[in-house]
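Biologist: I would like to go through this model one feature at a time. Please give the cut-offs as the terms come up.

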Amino acid sequence: MPLFTLPNFLRRPRSSHPAPPERLHFHLRKRLTSASGPLELDIELDIARGESLALLGPSGSGKTSLLRLLAGLQPADGGYIAAFGRIWLDSACGIDRPPRERRAGLVFQDYALFPNMSVLGNVRFALPSGSPARRADELLERVGLAGLANERPARLSGGQQQRLALARALAAEPELLLLDEPLSALDGALRRDLQDALAALRERQRTTLLLVTHDPGEALRLCERAVLLEAGRVAADAPPARLFGAGGPADAEQRLTLAGRVLERIAAADGSPLYRIEAEGRTCLARAAERAGLEPGDSVLVSAGDWLATPLHGLR
Ligand SMILES: Nc1ncnc2c1ncn2[C@@H]1O[C@H](COP(=O)(O)OP(=O)(O)OP(=O)(O)O)[C@@H](O)[C@H]1O
């Protein structure tokens with residue numbers, strides 16, 4: 001008979017779920033209320049550390065809710081999250097770590113910046129303790145905000161606030177980065193620059209990424225895996241090129257965007273370059289998006305509406 005036993009309320013609950021250090025595995029259930037009636041979110045996914053996953057699906061399919069459940073900002077009705085060697089949630093045994101104990105960084109459409117801190121202060125605040133302060137300057141440089149370091153967030157445009165929110169999320173070096181259309185307020189070259197910066201930073205830190213996007217090009221460029229949600233369930237889980245390909249499960253508008261490869265460069269009548277492209281078994285002629293300087297063999301995304309080819313990096 002032990003001399004001393006801990007009372008029940010002091011015992012730490014133990015989960016029976018395995019939590020391998022290199023994986024994120026979750027099964028989450030949540031009853032939601034949509035305009036057309038109750039919606040049962042029920043999603044199970046197994047994701048490797050460093051993997052980059054696009055979350056797609058029609059409005060109201062549960063994408064934002066899933067990110068909020070993972071971050072701990074919304075309570076699940078049931079389920080578990082085993083994240084990189086730790087249990088964040090196991091409703092069966094009463095474990096539910098608060099957001100600050102989950103190593104998840106998130107950027108939502110409404111940014112949630114600290115209004116009374118400078119731009120630089122917002123990023124510095126998120127640095128893990130012991131990080132060199134210049135890391136905040138590097139991140140601001142990377143997202144093109146170095147010149148605005150001393151401004152207050154309210155003085156920034158929507159796109160600049162979005163970039164600041166991204167820099168702040170990256171500063172915290174999260175194991176899991178949850179991005180809800182983080183680049184939607186940006187256009188053209190800036191969007192491409194930030195996508196490149198995000199890909200480079202993510203690779204360096206081996207961050208696992210869940211990215212909500214409505215942009216097939218973004219999914220193709222940044223993610224090796226795409227999960228399509230429909231009415232709170234996983235309807236498809238495949239490489240983005242397959243999801244958006246002809247006959248794939250993405251919706252008709254997205255299917256107009258094809259993954260292809262440059263066959264050759266030819267000159268149009270006015271001397272501007274045109275490219276012959278093989279995409280999903282058909283050949284087309286396309287102009288290049290921006291000054292792309294495409295070469296034969298390059299992977300591209302072709303928007304069938306106006307036959308515009310966008311170069312892709314990382315397409316498998
Ligand atoms: N806390 C909540 N309680 C009940 N229902 C909710 C809650 N939060 C969201 N919902 C509902 O759940 C449904 C899914 O919403 P969610 O924002 O997750 O969808 P989404 O796929 O991100 O949509 P969008 O692409 O438009 O952002 C919506 O109908 C919404 O009204």
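Predicted model: local features only at pLDDT ≥ 70, side-chain atom pairs only at ≥ 80, totals over all residues.

Modeller: Residues are numbered from 1 along each chain as its sequence is written.

Biologist: How many helices and strands does the chain have?

Modeller: Helices (H or I, at least four residues) and strands (E, at least two) are DSSP runs, numbered from the N terminus. On that basis the chain has 8 helices and 16 strands.

Biologist: What percentage of the residues in the chain is buried?

Modeller: A residue is buried if 20 or more other C-beta atoms lie within 10 Å of its own, exposed if 12 or fewer, and partly exposed in between, with C-beta atoms placed from the backbone. The chain has 316 residues, and the buried share of them is 36%.

Biologist: What is the strand order in the open sheet of 6 strands?

Modeller: Two strands count as paired if DSSP finds at least two bridges between them. The pairing in this sheet is mixed, and the order is β7-β8-β9-β3-β10-β11.

Biologist: Which strands stand at the edges of that sheet?

Modeller: An edge strand here has a single partner strand, so one side of it is left without a neighbour in the sheet. The two are β7 (104-107) and β11 (233-238).

Biologist: Parallel or antiparallel: how do β10 and β11 run?

Modeller: The two strands are joined by 5 bridges, and A226 has A238 in β11 as its bridge partner. Their hairpin has 2 residues between the strands, and A231 takes a positive phi near 45° there. β10 and β11 run antiparallel.

Biologist: In β10, which residue is the bridge partner of L55?

Modeller: β3 and β10 are joined by 4 bridges and run parallel. In β10, the partner of L55 is V227.

Biologist: Which residue in β9 does L176 stand opposite?

Modeller: Strand β8 (residues 176-180) and strand β9 (residues 208-212) run parallel, with 5 bridges between them. L176 stands opposite T208.

Biologist: Which strands of this sheet does α1 touch?

Modeller: Two residues are in contact if their C-beta atoms, placed from the backbone, lie within 7 Å. Axes are lines fitted to C-alpha atoms, for helices over the stretch in contact, and angles run from 0 to 180 degrees between N-to-C directions. The direction of α1 makes about 150° with that of β8. α1 packs on the sheet and touches β3 (52-56), β7, β8, β9 and β10 (225-230).

Biologist: Which residues of α1 are buried?

Modeller: Just after this helix, G72 takes a positive phi of about 90°. The buried residues of α1 are K63, S65, L66, L67, L69 and L70.

Biologist: Within what arc do the buried residues of α3 fall?

Modeller: In helix α3 (residues 134-142), the buried residues are A136, L139, L140 and R142. The arc is that of the directions from the helix axis to the C-beta atoms. Seen down the axis, these residues line one face of the helix, because they fall within an arc of 160°.

Biologist: Which residues come nearest to the ligand?

Modeller: A residue is near a molecule if its C-beta atom, placed from the backbone, lies within 6 Å of it. There are 13 residues around the ligand. β1 (23-34) and α1 (63-71) are the elements that give two or more residues to this shell. The nearest residues are L32, S34, S59, T64 and S65.

Biologist: Buried, exposed or partly exposed: what is L148?

Modeller: L148 is found in the loop between α3 and α4, and touches V119, L156 and Q160, not counting residues up to four places away in sequence. It has 18 other C-beta atoms within 10 Å, so L148 is partly exposed.
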